[in-house]
Amino acid sequence: MSTGVGVDLDDVWVKFGDFVAVREANVSIKGGEFFSFLGPSGCGKTTILRTVSGFQEPSQGEVRIGGTNMVGIGPNLRPTALIFQNLALFPLMPIWENITFSMEVRGASKGERRKRADELLELIALQGQGDKMVNELSGGQKQRVAIARALCAEPDVLLLDEPLSALDLKLRQHMRTELRAIQKQVGITFIYITHDQGEALTMSDNVAVMSAGVIDQIADGRTIYDDPASPFVASFVGENNVFSGKIKTITKDYAVVDTPAGDLRAKIGTAARGKLQKGNDAMAFVRPEALAIAAGRKGKDENRLTASIKTEEFEGQSYNIFLNQADGAEIKMSLVNQGQAYEHAPGSQMTLSCNADQAVVLPAGALASE
Amino acid sequence: MRQNPLIKVFLAIYLVIFFSYLLGPLVIMGITAFNSPSFPKAAPWECLTFEWFSVLANDHRIMTGIRNSFIVGIGTVILSVIIGLAGALVLTQIWPKLRATYYTIVIAPILIPGVVLGISTLVFWGRMNAFLGLSDESFLQNGIFLTIIGQTTFISSYCMLVFVARLQRFDQGLTEAALDLGATHVQAFRKVMLPFLYPAMGSAAVLAFLASFENYNTTTFTFGKYPTLTIELAQKVRYGINPSISALAVIIVTITILGALFYEMRKRREAMAIANGAPASAVSGGGFKLPKMLAGNPAAIILALVLIGGIGTVLFAQAYNPQACKVEVREEKRKATDKRIQELQEKAKQRSLQEKLKGPDIFNQPAQSPVPPAQAPSNPGSGTFGDVFNPGNLDEGDAKKTPDKGSSLNPGSGTFGGVFNPKNLNESSGKGTSQ
Ligand SMILES: Nc1ncnc2c1ncn2[C@@H]1O[C@H](COP(=O)(O)OP(=O)(O)OP(=O)(O)O)[C@@H](O)[C@H]1O
Ligand SMILES: [Mg+2]
């Protein structure tokens, strides 16, 4: 594997009338990679996928598959197969005909098609069920049939548009593992769309995070989570606490932000290096699990923050405390449940601690509204 | 929740009235098809007879009308389904921006009165014919052609509505999926969208056929030398009807009921198959296994009963001979007539006595004297007024004297319009002289 066909988007814009659905997308996806687009509903993920599969011509820019410019090449001639957001299985055909539709239109004989269908049915663990109709399958089975149908077309690039969004949690987790296994097995490029960040982080080699038509960051899951490129990415991927304020002092790698909860010294995000100056509006992000109740003497890289307690919440493996900063902004702190008893009076002040290396400073910007 | 019993009673009464209103005429008409009087009558019941069915079968004009209706119907179905489908595809797939305008244009023929369509078809193709310099006998002036074209102008709009309704439920993603898997646009249409439209094509075809079959307004201008069934029926009403029309109605209603039951049965069977988790194809494709098929399917049971009843009736009709009953009824009628004549003679006597006392009455006398002999053979129960318009009774009186003439088998005779039928006048006047 690994010598699959890559996909490049070069300054791609998609406009619907005056509305810009995709703005200046530059993406380079390597052959055999599992690449995800992650973003909230309506941010243009499907639109990007449709430009790759050929249903949507970009208003500007270039889509290349395996280095070939795809302009003017229709969807039925591109080496891609799309798994639609709603699966779009053919309801009037039995499963095996659904799976081998791509062979039928190329004129393959019925015997050949049956044989291939049986192979693929085995791959998706539905052997012997090829004669069922689509409406006789469960959601997860339909899912797998859609995958088999796309694989049957032997695409170089498989495009998946939120294929798991209709499934319940258990099945979704199961299908994630299965999809990843199938991708490893067939070794082709997967471009995967989701608005579920857990899905993107667990499955992908690389993730592109989008907001309102713009790609904010392209990186592997760990980098996205630990070193977000924008306030939007920081707040969209996982939970994050925001401490806003002006920059008080700044060094090469660290900056101190004057926040309502007190001075906060934090690492400067890689994307923001060299772009911040003293006095700028900034945002510091601290994950709930990076906060702790202050105890003992203040360490060298430690921050001390004060806030008033609002409520507490017991969540099984963790225990959450919600606090308010002086300006009303909310803080969430997650403590691992170790059997300790907590009881804090609402309204009372509490001092929190966090390490400077676990906090990220970025220039102030729009947050994900979630 | 308990219901007020009074409300239940009212509801029941309402339902009875409602259904009598809806179905009563059909039931009455159905009864007249089996009653022996030669004018369609449900009461008084005289003799059970199937002769009207053979009268119908021997009525050349009705049979030709049915044949023409079928030819026109099939032509209209083919043309309308194709045009309707094309229109619907354009409406839903191709011109999203012009949709509203296009819709209005295509739907307009439904709103235009059929008479206007008929006239305009006639005029337009007449002009076309003249323009092309063809003779009056060319196919552009042929009744079948004109009728099909005329009916198609609006029936194709019906078909289009059926297709649009179905296409609106079509997932455009399916076409895209087919394209994405390498199909050409033609393949995507043929293999994905067309199969989806098959049921709608069936509905549209049935709808088109029924609309064509029952059409009168448009056809009346276009039929030329090929009158359809509705045209023939209308002409018959003008010149006089007999219960063979009812017999035709019975046949049509029976076919409709059978069709509806069959459709319902299939639908339920498929629903049951899906409920049982078996693939619908395996069940609907299967052969006829009666007991299993009937299980839990009321439509199938009723269908079977209707079929058995129908076959039984036909067999019975083969063996049944109403002659004995007819003779009996005639005998009764004769007795009643004799009695009536006596009564009238009695009255006449009294009147002449009175007149002798009062002096002559110029106005009443001529009106009354010719009626009694003609009216005499009518059934005892019926009112005098209707009988004036019912020369059919004259026929029977006639047949009584010459029973082997079988005049009641003559479809042209014995109707309320018979007053205008010179033949009937002759007969009655002939009888008048013979009496
Ligand atoms: N054919 C179109 N005409 C006009 N606007 C469109 C069209 N297709 C998409 N859009 C707009 O483009 C934006 C992005 O749509 P897109 O379908 O790519 O969102 P998405 O990220 O896939 O969202 P979701 O997660 O809900 O599927 C939306 O605001 C949508 O309204
Ligand atoms: Mg989408």
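The points below take up conventions, the ligand, the chain contact and the salt bridges.

1. Conventions. This is a predicted model, in which local features need pLDDT of at least 70 and side-chain atom pairs count only at pLDDT 80 or more, while totals for chains, interfaces and linings use all residues. Residues are numbered from 1 along each chain as its sequence is written, chains are lettered from A and ligands numbered from 1 in the order in which they are written, and side-chain values use heavy atoms, with hydrogens and water left out.

2. Elements behind the shell. Helices (H or I, at least four residues) and strands (E, at least two) are DSSP runs, numbered from the N terminus.

3. Polar contacts of ligand 1. Oxygen atoms of ligand 1 figure in each distance here: 2.8 Å to a polar backbone atom of A:Gly42, 3.0 Å to a polar backbone atom of A:Gly44, and 3.0 Å to a polar side-chain atom of A:Gln85. The protein covers 60% of the 640 Å² of accessible area that ligand 1 has on its own (Shrake-Rupley method, 1.4 Å probe; for residues, only the protein chains shown count as cover).

4. Where the chains meet. The contact (heavy atoms within 4.5 Å) takes 24 residues from chain A and 20 residues from chain B. About 1,800 Å² is buried between them, with 62% from carbon and sulfur atoms; buried area is the accessible area (1.4 Å probe) that two parts lose on being put together, summed over both. In chain B, B:Glu176, B:Asp180 and B:Leu181 lose the most area to chain A, together 37% of what that side buries.

5. Salt bridges. A salt bridge is a side-chain nitrogen of Lys or Arg within 4 Å of a carboxyl oxygen of Asp or Glu. Chains B and A share 2 salt bridges; B:Lys191 forms a salt bridge with A:Glu104, the closest N and O atoms being 3.0 Å apart. On the side of chain B that touches chain A, α7 (172-180) and α8 (185-214) each supply at least two residues, with the largest share, 7 residues, coming from α7(B).

6. Within chain A. A:Arg116 forms a salt bridge with A:Glu154, with the closest N and O atoms 3.9 Å apart. A:Arg116 lies in helix α4 (residues 110-123) and A:Glu154 in the loop between α5 (139-152) and β7 (157-161), so the pair ties together parts of chain A that are 38 residues apart in sequence.

Methods. A polar contact is a pair of N or O atoms within 3.5 Å; within protein, one must be able to donate a hydrogen and the other to accept it, and residues adjacent in sequence count only if both atoms are side-chain atoms.
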